[in-house]
Amino acid sequence: MLTVNAIAAPSATEPLVRTTIERRDLGPRDVLIEISYAGICHSDIHTVRGEWGAVPYPLTVGHEIVGHVTEVGADVTRHAVGDRVGVGCMVNSCRECANCRAGQEQYCLQGNVGTYASVDRDGTVTQGGYSTHVVVDEDFVLRVPHAIPHEAVAPLLCAGITTYSPLAHWKAGPGTKVAVVGMGGLGHMAVKIAVAMGAEVTVLSQTLGKKDDGLRFGAEDYQATSDPATFEALANTFDLIINTVSASIDVGAYLGLLRLDGTMVNVGAPPEPLPVRVFSLFNNRRSFAGSSIGGIAETQRMLEFCAEHGIAPEVEVVDADAVNDAYERVLSSDVRYRFVIDIDSLR
Ligand SMILES: [Zn+2]
Ligand SMILES: [Zn+2]
């Protein structure tokens, strides 16, 4: 066992504190990663506060991880000491079910092993990236292209792939019109990626407060959803709507913005059910869909796509001791657009 510095939640109601956690001894196919930066995802906050169900405490979260390989197991072939690598939202899956065989490990029929708060195949509870080191099976470790700035890599492993995967699956590209609902950590990446894919992008945000940023990221239009006129002006317009908002919205109003064969894909997760009137799907043969992160091969393609197109998340780097404050700022949407923890501050 390797004992490493970390930040953990002692319970659902207490602030995160510095502590130590244990990493397993390197198995033959494991990679030891010295972590440089870990992103703060809204899911981390929901999880540590028990809002998505009971979790085992103390718990270290973090599923946007970048660092360097410092040791490899005897049978590792895909990674070498010194490589810059990333780890996202999952660290294992059954590898045998139809979905795993199709390269869609995120949809593993046995349930993928989450990077934190999951039971790993050795029976231990996984602990996330707010720590100095992590041990991960080589198949769930991503290679990070040189072109992406080091401090900006981490959020690609959750926010990046969560938006890339549906944009690729529903074929955003030249000639398609894409609306991105919400301009937070996920939304700003959806804009950048959809623009790089060649789509014409409109941001739909509650207010026009981040309009300058949206246009700077390449959006052609930016409209406020607090203004009912927006929904009239943009009726029957979009091929694809990526909804990144994790609060309840008026689904029918958004479905009305889809043109023929348009699809609204949800990647944000409100805790309560969203009511959908089936009649609003009949017009224009619309689809209402969901999408969860992406497979490992697709995540690798996403990293290469971002390097090739020179796109990366906008990040604000914070020290380990600022994580509790950062959580409050995430909850009040006061971040442009993703916090990353400088893990050097934990050493
Ligand atoms: Zn996440
Ligand atoms: Zn599986």
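Visitor: Is Cys108 buried or exposed, and what is its relative accessible area?

Guide: A residue counts as buried under 20% relative accessible area, as exposed over 50% and as partly exposed in between, using a 1.4 Å probe and protein chains only. Cys108 falls in the buried class, because its relative accessible area is 7%.

Visitor: What pLDDT do side-chain atom pairs need in order to count in this predicted model?

Guide: Residues are numbered from 1 along each chain as its sequence is written, chains are lettered from A and ligands numbered from 1 in the order in which they are written, and side-chain values use heavy atoms, with hydrogens and water left out. The model is predicted, so totals for chains, interfaces and linings use all residues, whereas local features need pLDDT of at least 70 and side-chain atom pairs count only at pLDDT 80 or more.

Visitor: Which geometry does the site of the zinc ion (ligand 2) have?

Guide: Donors are N, O and S atoms within 2.8 Å of the metal (3.2 Å for Na, K and Ca), and sites may look incomplete because water is not among the atoms. Here the SG atoms of Cys94, Cys97, Cys100 and Cys108 lie 2.3 to 2.4 Å from the ion, and in sequence these residues follow the spacing C-x2-C-x2-C-x7-C. Four donors count as tetrahedral if all angles lie between 85 and 135 degrees, as square planar (like six as octahedral) if opposite donors are over 155 degrees apart and all others between 65 and 115, and anything else is irregular. With angles of 103 to 120° among its four donor atoms, the site is tetrahedral.

Visitor: How many residues apart in sequence are the parts tied together by Cys41 and Cys158?

Guide: The zinc ion (ligand 1) is coordinated by Cys41 (SG), His63 (NE2) and Cys158 (SG) at 2.0 to 2.2 Å, and both Cys41 and Cys158 are buried. Helices (H or I, at least four residues) and strands (E, at least two) are DSSP runs numbered from the N terminus. Cys41 lies in the loop between β3 (30-39) and α1 (42-48) and Cys158 in the loop between β9 (142-143) and α3 (159-169), so the parts they tie together are apart in sequence by 117 residues.

Visitor: Why is the pair of Phe217 and Tyr337 classed as it is?

Guide: Rings of Phe, Tyr and Trp (its six-membered ring) pair if their centres lie within 6.5 Å, and planes under 30 degrees apart count as stacked, over 60 as edge-to-face and the rest as tilted. The ring centres of Phe217 and Tyr337 are 5.6 Å apart and their planes stand at 75°, so the pair is edge-to-face.

Visitor: Which residue lies over the face of Phe217?

Guide: A charge sits over a ring if NZ of Lys or CZ of Arg is within 6 Å of the ring centre and within 35 degrees of the ring normal. Phe217 is buried, as is Tyr337. At 4.8 Å from the ring centre of Phe217, the residue over its face is Lys192.

Visitor: What is the omega of the peptide bond that joins Arg336 and Tyr337?

Guide: Tyr337 is found in the loop between α10 and β17. The bond joining Arg336 to Tyr337 is cis, and its omega is about -5°.

Visitor: What is the phi of Asn236?

Guide: Asn236 is found in the loop between α6 and β13 (238-243), and at 45% relative accessibility it counts as partly exposed. Although Asn236 is not a glycine, its phi is positive, at about 55°.
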